[in-house]
Amino acid sequence: MDSLRVLGRVLLSPVLKGPIVRRPAMVGAAESIDLDSAGVAEMQRLRSRHGAGPVQLGIPGRRLALLLDPEDVHRVLNEGPEPFSPASLEKRGALNHFEPSGSLVSTPQQRLTRRPFNEQVLQTDRPVHRHAETMTAIIAEEVSALLGHADFTGALDWDGFAVMWQRMVRSIVLGQGARDDDQVTDDLRRLRARGNFSYLAPQDRGRRERFLGRLQHYVDRAEPGSLAAMVARTPAPEGTEPVQQIPQWLFAFDAESWATFRALALLVSHPGAEDQVRSELGQQGPTSAGPAGPCGPRDQPLARAAVLESLRLWPTTPLILRDSTADTAWRNGTLPAGAGVVVFAPFFHRDDQTLPEAHRFSPELWSGDRDDSDWPLVPFSGGPGMCPGRNVVLLTASRVLGELLRQREITAAEPLDTRRLPGTLSPFHLRFAVRRS
Ligand code: HEM
């Protein structure tokens, strides 16, 4: 019975919403019954029944262990890629459609070159990427165009925002020559749509080759200021497959778009937050932290914290998956090699039995340095598999928010109560009124 309940209330929701390409109608349906809160409640019930766990589920054909204790989350995320490999069976099934040599689906041996390559290009350790100046200029221009359009209609909605976002992403990743290359995004979207069906969908090798060929074209062009230029000049030992690392970036920028749109809703709904974000920009200037500038975490702190809060409240990677490569010992028994391990992030982020801030907008949660002894907020995963793009995400998302709020007065059509936030929030229905300041 427990397994059935977990399947229905915890694991089914991310699958229905679309793990690789979101299905807006399903996300809307999940929101209407607040499916994610039901998942958290189910996990709390499991913990009251089984203690710290982990709990193994009896699912035919797949042995899965569900983590219930923050300490175990850290253990699994830190002890990778062996004995806990990020390249889980489910991820390989989904991502092989468009990036079979991506770092995330690589063997521990292959990761030795692919993961550092990602870190070098994305400058994982730098809060402000050295292409920040180009990124900021692209963002300012695209946000202006978006707001010009919104002035006509009087509203900023998801459709307009998503078009702006894809232009921005192509320019940042592939170069401004790719701004209008809808084909490359469309090819990836179709390949990802197959990823939603994992092993059940046949691979479309022709489209994948065309898509990867297009990415190679942009790497060969190496437009200054783009990530493609970084790919072209970063040393790649044999087996790195540099071009096959790029689809993950293009794909993951989607998650950032939802997080940013939700963060906008948080900021304009929370008293005083909007003005504070504006004054952060006033103090630092949108390009003050360019290549030669300071590289400190003070870059737009509230806007960054709002994005992190958006990701805590509504994680865009709700299921963090690992596969065990060896038998591992736990407080309640042994987990055999070949089992899947599941971290259901919303449970750890929204557990109101242990986290007083669970349902409140609490940007202060992110103001100090965190370590494993803190509550495990894992929007970007953790350990050696932690998202290497997280600083690019925080930089670009905070710049988008800053530009939106600098250029216009924005109000939410339906403001959020930031003291009591819903467990599920579809970004696709959010709508804002826009006025010239
Ligand atoms: C809101 C936006 C994003 C979130 C929440 C996010 C979150 C994550 C998470 C949770 C993982 C680990 C998945 C796992 O453990 O199985 C991951 C991996 C990864 N992310 Fe992100 N990501 C975001 C955007 C980006 C962007 C924009 C890029 C690149 C520009 C990026 C690059 C990567 C790469 C390359 C990996 C694979 C790392 C590896 O193989 O170890 N991500 N991301």
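User: Which polar side-chain atom lies 2.6 Å from an oxygen atom of the ligand?

Analyst: A polar contact is a pair of N or O atoms within 3.5 Å; within protein, one must be able to donate a hydrogen and the other to accept it, and residues adjacent in sequence count only if both atoms are side-chain atoms. Here the atom belongs to Ser103. The side chain of Arg111 has an N or O atom 2.8 Å from a ligand oxygen, and for Ser381 the distance is 3.2 Å. This is a predicted model: local features need pLDDT of at least 70, side-chain atom pairs count only at pLDDT 80 or more, and totals for chains, interfaces and linings use all residues. Residues are numbered from 1 along each chain as its sequence is written, and side-chain values use heavy atoms, with hydrogens and water left out.

User: Is Ser103 buried or exposed?

Analyst: Buried means under 20% relative accessible area, exposed over 50%, and partly exposed in between (1.4 Å probe, protein chains only). Ser103 is buried because its relative accessible area is 10%. In contact with Ser103 (heavy atoms within 4.5 Å) are Arg111, Arg114, Arg115, Asn118 and Gln245, leaving aside residues up to four places away in sequence.

User: Which donor does the protein give to the iron atom of the ligand?

Analyst: Donors are N, O and S atoms within 2.8 Å of the metal (3.2 Å for Na, K and Ca); water is not among the atoms, so sites may look incomplete. The single protein donor is Cys387 (SG), at 2.3 Å from the iron.
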